[in-house]
Amino acid sequence: MGRGETPWPGATARRLRLARALAALALTLPAGALATACGDSPADRRPSRAAGEAAPTPPPSASASPRRPLSPAELCTTAVRHWAREALDGATPYGDYQSMGLSDRQYGVLREVLADARAVRSEQGTRAARSLIDRQARARCAEAYREGAPTRGPWR
């Protein structure tokens, strides 16, 4: 690898997508920060309370309750759907399955789902293929993890 070259295929495209996402996020943050700094919040527009009046209780926020961890089957489904859609859209291969963050079991599911999705895309189109990816990823991951997570060794 020479100077200035990317370490693996597709790295430049991923960096570009990340830069675009960060730029879009940066455009939305200053507007919210400016409104808060200028005192234009719903609390500033609320009429003041009379002496002795109790403060209203705020609605519970979504971040107040901890999210439950995903099951192995749900993790598999999420990862397989992501990588199957990337591959179906023609993205440059990321590398081996470990660099994608997949286990051998998940990669097997990915290969099966992707093969079926490509066949459906050639016959029925991309929309049908994406729908198939969602259904098959969920079903095949549930089947692959019906007995739970692996209990021996990091690669099972």
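1. Arg68 is exposed, with a relative accessible area of 57%. In this predicted model, its side chain meets that of Glu74 in a salt bridge, with N to O at 2.8 Å. Glu74 counts as partly exposed because its relative accessibility is 29%, which falls between the cut-offs of 20% and 50%.

2. On the overall fold: the protein chain has 5 helices and 0 strands, so that the order of elements from the N terminus reads α-α-α-α-α. Buried residues make up 19% of the 156 residues. The chain exposes about 11700 Å², and carbon and sulfur atoms supply 57% of that area. Of the contacts between residues at least 6 apart in sequence, 66% join residues at least 24 apart.

3. Helix H5 covers residues 126–144, which is 19 residues. From first C-alpha to last it reaches 26 Å, close to the 27 Å expected at 1.5 Å a residue. Its buried residues are Ala129, Leu132, Ile133, Asp134, Gln136, Ala137 and Cys141. These buried residues pack against helix H3 (72–88) and helix H4 (104–124). As background, an α-helix has 3.6 residues a turn, so residues three or four places apart point the same way.

4. Thr77 lies in helix H3. It is counted as buried because its relative accessibility is 9%, and the cut-off for buried is under 20%. Setting aside neighbours within four places in sequence, Thr77 is in contact with Ala137, Arg138 and Cys141. Ala137 and Cys141 are among the buried residues of H5.

5. The structure holds 7 salt bridges. One of them joins the side chains of Arg85 and Asp134, at 2.9 Å from N to O. This pair links distant parts of the chain, with Arg85 in helix H3 and Asp134 in helix H5, 49 residues apart. Arg85 is partly exposed at 26% relative accessibility, whereas Asp134 is listed among the buried residues of H5. Arg81 also belongs here: Arg81, Arg85 and Asp134 are linked in a network of salt bridges.

6. Arg140 forms a salt bridge with Asp116, the closest N and O atoms being 2.8 Å apart. Here too the pair links distant parts of the chain: Arg140 is in helix H5 and Asp116 in helix H4, 24 residues apart. Arg140 counts as partly exposed at 26% relative accessibility, and Asp116 counts as partly exposed at 28%.

7. Ser99 is found in the loop between H3 and H4. With a relative accessibility of 35%, Ser99 counts as partly exposed. The side chain of Ser99 reaches the backbone oxygen of Asp96 at 2.7 Å.

Terms used. Residues are numbered from 1 along each chain as its sequence is written. This is a predicted model: local features need pLDDT of at least 70, side-chain atom pairs count only at pLDDT 80 or more; totals for chains, interfaces and linings use all residues. Side-chain values use heavy atoms; hydrogens and water are left out. Helices (H or I, at least four residues) and strands (E, at least two) are DSSP runs, numbered from the N terminus. The expected span of a helix is 1.5 Å times one less than its number of residues. Buried means under 20% relative accessible area, exposed over 50%, partly exposed in between (1.4 Å probe, protein chains only). Contact means heavy atoms within 4.5 Å. A polar contact is a pair of N or O atoms within 3.5 Å; within protein, one must be able to donate a hydrogen and the other to accept it, and residues adjacent in sequence count only if both atoms are side-chain atoms. Accessible areas come from the Shrake-Rupley method with a 1.4 Å probe; for residues, only the protein chains shown count as cover. A salt bridge is a side-chain nitrogen of Lys or Arg within 4 Å of a carboxyl oxygen of Asp or Glu.
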